[in-house]
Amino acid sequence: PPEDSTTFERTALIVTDNRANDEFLLLELPYDQGAYLSAAQKDAITRASACKPAAILLCIRHPSHEIFTYNVSQDDPCWPQPVILVPEKHISFLQTLAATETMVSVRIRGEWKRKLPARNIIARTPSRGGKPIVISTPVTSWFTSTGERAPGIACFLALARQALSRWKGHDITFVATSGHEVGHGGMEHFIAHEAPSPADTHAWVHLGASLACHFCASFDGDWRAHEAPEPQKRFFLGSDALADVV
């Protein structure tokens, strides 16, 4: 929300087109598999904001049908009106409220804070004189995100258990960073103040989002009895130099 609207109560109709004026504007945007809002998505929100709605009800149509938001940069400006995220699974209900011209009340209790403390977890093996290896993973996200963060953390911990015995000729630094969803805040701090220089680094292994994650959109709530369908898409990403290894 804008800084002057972090706490508010509003009652209004929901509309589904860009003719809102002091009404809640329901805006649906496609999920494009990106990590940050695209220029086209920002333009759509800006156009919706120009109608001066009471607030924008924003739905990113994510395959999970749950609430979803993209990462932001720390210097991203606010839109003039509050932008309230809603999950796709509630869209039909909100559309019904709009079609029946039902008044909706929203109450938000929030506040802005700046320069909040955050935490990076850093561990180093005893110095052995070799060029350092850095192994990193993010540990934070917007919401509960087992599929996004847990595989990276699990692999990170497994590598830590093997570090002393497997890479005897190198000093190894492990770093788990916070603020990943807000401009990679913890990683930016680590790179600027504590990371070895690229020229002095043997390798840097980053364990990122959705590492070895199997997503099933038709999950029915009982994972023990559920048979997951074959995934529709699989991505193996690597530079040309690593293509054969990948």
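Biologist: Which residues does F24 touch, leaving out those up to four places away in sequence?
Modeller: This is a predicted model, and in it F24 contacts R10, T11, A12, L13, I14 and V15, along with A54, A55, L57, V104 and V106.

Biologist: And in the largest nonpolar core, which members touch the most others?
Modeller: F24 again, together with I14, L26 and L57, out of 17 residues in that core.

Biologist: Which elements supply at least two residues each?
Modeller: β1 (7-12), β3 (24-30), β4, α2 (91-99) and β6. The biggest contribution is from α2, which gives four residues.

Biologist: OK, pockets. How much space lies in the second largest pocket?
Modeller: About 1,800 Å³.

Biologist: Which residues lie nearest its centre?
Modeller: V72, S73, W112, W142 and V182, from a lining of 50 residues. Elements giving two or more residues to that lining are α1 (39-49), β4 (55-61), β5 (83-85), β6 (104-109) and α4 (185-193).

Biologist: What's the lining of the second largest pocket like by class?
Modeller: 26 nonpolar, 14 polar and 10 charged residues.

Notes: Residues are numbered from 1 along each chain as its sequence is written. This is a predicted model: local features need pLDDT of at least 70, side-chain atom pairs count only at pLDDT 80 or more; totals for chains, interfaces and linings use all residues. Side-chain values use heavy atoms; hydrogens and water are left out. On a 1 Å grid over the protein atoms alone, a cavity is a set of points where a 1.4 Å probe fits but cannot get out, and a pocket is an open set with protein on both sides within 12 Å along at least five of seven lines; lining residues have an atom within 4 Å of a point. Grid points are joined across faces, edges and corners, and a volume is the space filled by probe spheres set on the points. Ala, Val, Leu, Ile, Met, Phe, Trp, Tyr, Cys and Pro count as nonpolar, Asp, Glu, Lys and Arg as charged, and the others, Gly among them, as polar. A nonpolar core is a set of buried Ala, Val, Leu, Ile, Met, Phe, Trp, Tyr and Cys residues joined through side-chain atoms within 4.5 Å. Buried means under 20% relative accessible area, exposed over 50%, partly exposed in between (1.4 Å probe, protein chains only). Contact means heavy atoms within 4.5 Å.
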